[in-house]
Amino acid sequence: MTATVSMSPPKSLLRRLLIGFMLVMLAIWLAALAHIVKQVKVDKVRQTAAVNRAWTRQIMLNMQSLPPDPAALARIGQRIEDLRLDMFREFGYPTQARIRVWLGGQLAYDSAPGAPLDDGWALWTERDATRGITVERREKPDSDWVFTPSAANYLLSPLVYSLPFMLLPAWLIVRVGLRPLREVAQALEARGAAELAPLPASPYRELAPVVDAVNRLMRRLSERLAREQELLADAAHELKTPLSVVQLNAHLLEASTDAAQKTEAGAGLREGVARATHAVHQLLAFERARQESTDAPLQDLDLAALLRERIAVAAPLALQRGVDIELHAPAPITLPLHRESMAALLDNVVGNAIKYSPDGTRVDVCLDAGPCITVSDQGPGIPPTLRARVFERFYRVPGQDQAGSGLGLAIAERAAARNGARITLDGRPDGRGLAVRIAFGDAGCATPSP
């Protein structure tokens, strides 16, 4: 039974930008609508007060031309109000008003008798003290107009009609604006698998970080491929000799009938395998040491404890050679270190000191407060003219009898750099052997006493 994995369609950046643009437009429109609603309410209150004042004065002017008869005053007040209602009815604009007229202090007319007075309505009063007429008019502000269909049509029409004409240019602008990004994608798609040259710099500030990140990735990939090719070439170079030895001794074991020759061929076969194994381990250690190891963070380690641990690892080789190892580490020194590369550094330096020391001699390992590590041996040493070259891959000092790959000090140098240290070579104060000094940070190394 085969499980089917459903893949969602890819998201559209263009659609995302257009939706964002629409949301911004909607937010602006809502803010504008809220402002309009507030302003309309304020304007309606002010307009209602002005209209109410004008109609009150109109009623008073008409009543001043009539005899002081309550019935006549009531008729003129009612006719004027009917005239106003007919006018506003034609506009489709309903209003509510109440008129009261007093003559000589007596209520002569009330357009809504018995109805309670609403203090929220606009109020205006006109008085004619000579004739004893008082006209009071109240009108309700039409602040609910914004919630009517006519108001909705008035307020929504600009948005509805303008939205398509705004989205089309926005779509075109966004599509043209994303063209440089599509060009970068097309340039990457057109490249071959081995074409890792950097992309041309982008003239656009927003796209430049993407191009720079791609170029940095290209550079890291180029360095990685170069290291892999170099590792293959190094492996072929270094394994060629031990594999030839293995092949030769295997042939001797197969063809020889003499027991002594077979024993000698077996020893040669074991030596060739050991040399090939050592070369492989050194090549892998060298590759790890020169890579930018960001997956293993630095951790606080006691350098004195780490030295004791690595010396204990090297003790069997020292016992086999009859070499004494003395550690001088008076106090713990804690530093942020990368444990694996630091162990490789100490193993190579201490291992070389033991390997090149004559039988029965001594290797001194000193840790001072610099902090600095000094590893001194009593071997043949390295001439000053060759001390820079021994850090090169596969370089070995001429005339040495000890077997080796020529990678130990190259590994040590890169491991030291990984831990923020410098490694230097010098002679011992007594003129015998070699002193390897590893200084951390800006510290220097004191010259040890002979």
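**Reading strand 4 and its surroundings**

Author: V135, in strand 4, is the bridge partner of V101. Helices (H or I, at least four residues) and strands (E, at least two) are DSSP runs, numbered from the N terminus. The model is predicted: local features need pLDDT of at least 70, side-chain atom pairs count only at pLDDT 80 or more, and totals for chains, interfaces and linings use all residues. Residues are numbered from 1 along each chain as its sequence is written, and side-chain values use heavy atoms, with hydrogens and water left out.

Reader: In which sense do strand 1 and strand 4 pair?

Author: Two strands pair if DSSP finds at least two bridges between them. Strand 1 (residues 97-103) pairs with strand 4 in the antiparallel sense, over seven bridges. Strand 3 (residues 122-128) also pairs with strand 4 in the antiparallel sense, over seven bridges. Here D128 has I133 as its bridge partner in strand 4. The hairpin of strands 3 and 4 has four residues between the strands, and G132 takes a positive phi near 75° there.

Reader: Are the faces of strand 4 covered or open?

Author: Start with the general idea. In a regular strand, side chains alternate between the two faces of the sheet. Now the case. I133, V135, R137 and E139 on one side are buried, and so are T134, E136 and R138 on the other. Buried means under 20% relative accessible area, exposed over 50%, and partly exposed in between (1.4 Å probe, protein chains only). Strand 4 spans residues 133-139, and seven of its seven residues are buried.

Reader: What do the buried residues of helix 2 pack against?

Author: They pack against helix 1 (13-64), strand 1, strand 2 (106-110) and strand 4. Contact means heavy atoms within 4.5 Å. Among the buried residues of helix 2 are L73, I76, I80 and F88.

Reader: How far apart should the ends of helix 2 be?

Author: The expected span is 1.5 Å times one less than the number of residues. Helix 2 (residues 70-90) has 21 residues, so it should span 30 Å; its end C-alpha atoms are 31 Å apart, which agrees.

Reader: Which residues does R308 touch?

Author: R308 sits in helix 7 (residues 303-321). Leaving out residues up to four places away in sequence, R308 touches D302 and L327. R308 and L327 are 19 residues apart in sequence, yet 7.7 Å apart in space, C-alpha to C-alpha. R308 counts as partly exposed because its relative accessibility is 45%.
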